[in-house]
Structure formats: C-alpha cells, structure tokens
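I opened this model to look up two things.

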Amino acid sequence: MNLSELRQRLTRLDRRDKLDSMLASVDEGVPWNDFVWMLQFPAYLGTAILIAMMVKDYADTRQDPADVDVLVALGMAVLCVLLRFLHPLLRNRMQRLRRRLRRRAPVLPSAVVQAHSSWGEDDRWYWGTVVLSFDPVIYDEPQRLREIARRLWELKQTDRGTLPRAHADLAWMLYHELGPCSSLPVPEDLADGLEDCRMVAVRLPPDTLMWDGMPMVLALRDSNDPAACAVLPQAVLEG
Amino acid sequence: MNDAAWTGPALRDVRPDDDGAVRALLREQAARLEVVRKDRLWQWFGGVPSGFGHPARDLWSLYCAFAFVALVGLAFVVVGFTRGPVVWVILALAVLCLVARVLLRRGPVQRTLQFYGRAVVAPAVVVAAERGDPEQGVDANGQPRLRLVLLVSRDVDDAASLARLVESGRRLRAALHEDGDTEGLGELLAAIRDREHYDDTRIDAGAALDRAELQFSEAYDWMLPGDSLRSQLLFVLVDPEDRGPDCARVLSSTFCGDAAESLAAELPWEAA
C-alpha cells in the first residue's frame, strides 16, 4: 500500500467534505462556524436589495443617495466579506483538532491490543485499544507493533501493585475499559526501541482498512486526546 | 502512581465472603469514578446536562440557537428594505433567543457537573422492582424501564458491611411482602408502597437498617448485570450532600466491570 498516495487521497476526500462522515463520529458541539458561514447568504441578499433600492431611488429622483445609505451599503458589503472568510475563526477546539487530523495527520499502521469480541462480525463500530508509533522505521517493520501489543495485553491481568508506574498506568487503562480516555505513552522497555510509541483508545469500524492485517490509522503526534486518532475504514478507498 | 491509575489486583471472580476481594472491588469502583472525572467521560453517567429540569430544556436551548441564526439572517435581508424599528425588533428578538439559550442550559449543566464532581459510588441492594410506564421510554427490545427501590449504603467497605447491607435488603423485602418482621419499618414500607415518582430521590432508611438510604430510580435492562434483573446487587452514583431528584444514578454494569458482575452473580435477585 502506498501510504503517501493514501494520505493525498484522504486530503482530497476531506476537501470534498466526504472524509468526516467516514470516520468515527465525535461530538464537536454546536457548529457556530457553520452558522456564521450560512449567514453570508442572507447578507448577500440584503446587500443586493439595499443596492437595488438605492439604484431605483436614484432612477426615480435623480438625487444622489444619502451618505448614511452609502455607509450602510458599505457596511453590509464588509459584513459579507467577514462572514465569508472569517467563519473558520469560530471553529471550536474539537473542530480544529479533527480538521488537523483529517488534513495533516500521517497514516500509520497499528496493532490491536484489545477489542470487543464482536468486532468485525456485524456492522457496528466497537471500542478497542491499539498501539502505534510515530517512528519512521515502522513503515519498514510494522510487525514490531504486534509484539508490543502482545506485551501490553499481558499487563492487563497483572497485579498493578507489582508494576512500575508507567506499566501500571497502561495495565489500568486496559483493565478498566472506560473509553475514550487519553492515550498513554508506551515506555522504552515495552516499545522494542521504537520512538514515540503510544497506546490509544479508538473506535474500530466494522470494515477496517488493513495493511497486512494491521489497522491503518490517522494520528496526530502532538495530542493525546482520544479524538486525535481515527481508524480508517475500507470506504476511504472506495469513496 | 497518578491520580487516575490504581494499584491493585486484576480481579476476576469476587465472592461476597472474600473480604480482600470485596475491599479491592470497592476501591476499584472509586478508581473507575476518577477515570471518568479525569477525562470528563460524562457519557458513562448520562451526559451533560442530565436531569435537574424539564427533559426538553436541552432541546429548547438548541431551538433557541437555530432561532438566533434565523432571526439574524432575517435582519440582514430586512435591512435591505428598511433601517426602521422592524430591524431593531428582529435583532432584539435574536439577542433574546441567545440569552434564553444560555439560561436554559446553564442551570442544569452546572448542577449536573456539581453532582458528578462530588458524587461517590456505593453498593445498593434491590428491594423491589416493577415495570414502569412504556410511554416514559422503552429500550431496543420494547421493554419499559424498571422502577427500582434500592437500599444504598455509603458505609460499605468490606465483606462484613456488604453482608449487613444484603441482610437489611432481605429483611425489607420480606417485610414488604408481609411475611417478615415489620417492626420499625412502618414508615419505610408506606413510603415504598405510596411512591409515585422514581426520580432518583433518596430517603433516610433509619436506624433499623443501619442508617442506609432508600433510593427510588429507574433503569433499563441493558444497564444491569446480565442485561436483566438477575442480581440484587447494583452500584449507584450518589451525591452525599443532596438526596433530591436527579442526585443519584444507577450505574451500568459496563462501567462497573466484570469483577463487579461476578460479585453480582453471587447475589441473585429473589423475586416474590
């Protein structure tokens, strides 16, 4: 699989507003930026009506329009421009995070640490936990993640009082199964030498996009928010 | 150890007479609560807001947001025709919608977050159960919610105190069906029989039942261990400072985990 081409395909899908609906849904709150974007159209209409009324009055009376009318028309025109171009400033934190994920996050292989037993047997999305790494070597040796996932899985049934702190945190996250909690770093002694290795709570699609049996994900390096990682469905290749 | 992780065994099968396992399970429930608080996973408790007002308030607040946008759009169009009072009236209505939205949401949101912030997890024993009104909501299988009378104790921290709670629940169930000792339970029995609203309210059960509390709640079958009422043991989220409506929740068995479910299986529900 050519990951560079896949990344470009995902960007094209997002520009056509198709990618967001393919990924696991996230509560982004009330879309005030979208409301502001929509308000540009009544603003255009109001501005057009205002100018048409001014032209009609001039045609009827042959008198220049009043200064206040001109100012209002200019103000409406400026408002149209502001609504058209500044609505992205009203995106909330979650909207910005998800947009960065869709447009700029690298495509990475991952390994499943644990997943619901019914995953893949019906058409539902299920919560699970995967391990991934931002180390470039992972593109040549993705199978190393499988061994890391196996070691992490073994932590789940271990008495956490006997573990070092970082290991106990991972074991607790696997044990309590309360998603979607923040991702956790995998310490060096478990990460098989891979840099920036993390365990992430994700929603697994029924038709996950796989590379040699490993789910493909989008993930942002600078955030441990669970919404900063998304497992890709097969549909991204078909859309 | 950070404040969200908890050192303890990976519990599997917990028996009610295993003091060490019961203590570990109760500590585990408190640690699970901290996981939810740390990452603000409020959907495990019903989301924000949840209760503390008319259930449609959240929907009305959303309608106010839509109305605000529609009125502002209308004002933009009307300003093309006139700058008279009509435009200002429309803009004033738009501002009112925005204010109404804030007022509709603020109270329930604040009270919900206050509840989630200071609530504790406590074990509860089912005293009585009956099907509620289907018009109040049904699950995917068409089953209405169960109306549950629960005996809750925040003082359970080991196997012995859990056993006392279970025994108190058994005694109250027997008294409710008039084949047990009803001494000192008259007021409680009347409160249960006369109960109309199951709105998570709690009342003091008195000295006769070790100062536990009676809680009146509703729950769907899928929330219970085994997806139906098979066990008398549940876990609930209660506000230690307020016994009023919406200040308690029945916790889903998924939140409580497999170990809690194994303990629940050891305490089967005894229907009359």
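**Entry 1: the interface**

I counted polar contacts between chain B and chain A and got seven residue pairs, both residues at pLDDT 80 or more. I keep in mind that this is a predicted model.

I then asked which helices build the chain B side. Helix H1 (19-39), helix H2 (57-78) and helix H3 (85-118) of chain B each supply at least two residues to the side that touches chain A. H2(B) gives the most, with nine residues. By class, I find 25 nonpolar, six polar and six charged residues on this side of chain B.

Next I looked up the extent. I see 37 residues of chain B in contact with 35 residues of chain A. The two chains bury about 3,000 Å² between them, and 66% of that lies on carbon and sulfur atoms.

How many salt bridges cross the interface of chain B and chain A? I found one by the rule. Arg83(B) pairs with Asp69(A) in a salt bridge, with 2.4 Å between the closest N and O atoms.

**Entry 2: the second largest pocket**

I moved to the second largest pocket and noted about 520 Å³ of space in it. Its lining has 15 residues. Nearest the centre I list Asp17(A), Asp34(A), Arg91(A), Arg99(A) and Arg102(A).

I sorted the lining by class: 10 charged, three polar and two nonpolar residues.

Which helices supply at least two residues each of this lining? I noted helix H1 (3-15), helix H3 (32-61) and helix H5 (93-104) of chain A. H5(A) gives the most to the lining, with four residues.

Notes. Residues are numbered from 1 along each chain as its sequence is written. Chains are lettered from A and ligands numbered from 1 in the order in which they are written. This is a predicted model: local features need pLDDT of at least 70, side-chain atom pairs count only at pLDDT 80 or more; totals for chains, interfaces and linings use all residues. Side-chain values use heavy atoms; hydrogens and water are left out. On a 1 Å grid over the protein atoms alone, a cavity is a set of points where a 1.4 Å probe fits but cannot get out, and a pocket is an open set with protein on both sides within 12 Å along at least five of seven lines; lining residues have an atom within 4 Å of a point. Grid points are joined across faces, edges and corners, and a volume is the space filled by probe spheres set on the points. Ala, Val, Leu, Ile, Met, Phe, Trp, Tyr, Cys and Pro count as nonpolar, Asp, Glu, Lys and Arg as charged, and the others, Gly among them, as polar. Contact means heavy atoms within 4.5 Å. Buried area is the accessible area (1.4 Å probe) that two parts lose on being put together, summed over both. A salt bridge is a side-chain nitrogen of Lys or Arg within 4 Å of a carboxyl oxygen of Asp or Glu. A polar contact is a pair of N or O atoms within 3.5 Å; within protein, one must be able to donate a hydrogen and the other to accept it, and residues adjacent in sequence count only if both atoms are side-chain atoms.
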